[in-house]
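Have a look at the sequence and the model first.

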Amino acid sequence: MVALTAGWRFPVGVTIFVAGFAAPLAIPLVTSSDLPAGWKTAIAGALAVGVPEVMMVVAAAVMGKKGFARLK
């Protein structure tokens, strides 16, 4: 059971890590939407600055110390 629970953490962490750094690619979708300008600005700013950093921390938490060392 230990091998099964330890095996999912690294792939899920890497997926979260990659998704976080791919988040700025969604900015053109947000800017071309019909949302109000204030919403577009806030969402685009979060996708560019906040989401990648937060997702990196979440990925490190999911992977644990050994998994994050393996990723580095």
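## Ground rules

This is a predicted model, so to speak of local features takes pLDDT of at least 70 and side-chain atom pairs count only at pLDDT 80 or more, while totals for chains, interfaces and linings use all residues. Numbering starts from 1 along each chain as its sequence is written, and side-chain values use heavy atoms, with hydrogens and water left out.

## How α2 meets α4

Helix α2 covers residues 9-22 and helix α4 residues 37-71; they pack at an angle of about 150°, with axes 8 Å apart. Helices here are DSSP runs (H or I, at least four residues), numbered from the N terminus. Axes are lines fitted to C-alpha atoms over the stretch in contact, and angles run from 0 to 180 degrees between N-to-C directions.

That makes α2 and α4 roughly antiparallel (the label for angles over 145 degrees). The crossing of α2 past α4 is left-handed, meaning the near helix is turned anticlockwise from the far one by less than a right angle. In their contact you'll find 16 nonpolar, four polar and two charged residues. Asp, Glu, Lys and Arg count as charged; Ala, Val, Leu, Ile, Met, Phe, Trp, Tyr, Cys and Pro as nonpolar; the others, Gly among them, as polar.

## The bend in α4

Where does α4 bend? At G64, by about 115°, taking the angle between axes fitted to the seven residues ending there and the seven starting there. End to end, C-alpha to C-alpha, α4 spans only 38 Å, whereas a straight helix of 35 residues would span 51 Å at 1.5 Å a residue (1.5 Å times one less than the number of residues).

G64 is also among the buried residues of α4, as are L47 and P52. Buried means under 20% relative accessible area, exposed over 50%, and partly exposed in between, with a 1.4 Å probe and protein chains only.

## Three residues up close

L47, in α4, is buried at 14% relative accessible area. Its C-alpha lies 8.7 Å from that of G20, 27 residues away along the chain.

T41 also belongs to α4, but is exposed at 57%. Over in α2, A22 is partly exposed at 34%.

Methods
Helices (H or I, at least four residues) and strands (E, at least two) are DSSP runs, numbered from the N terminus. Angles under 35 degrees count as roughly parallel, over 145 as roughly antiparallel, 65 to 115 as roughly perpendicular and the rest as oblique.
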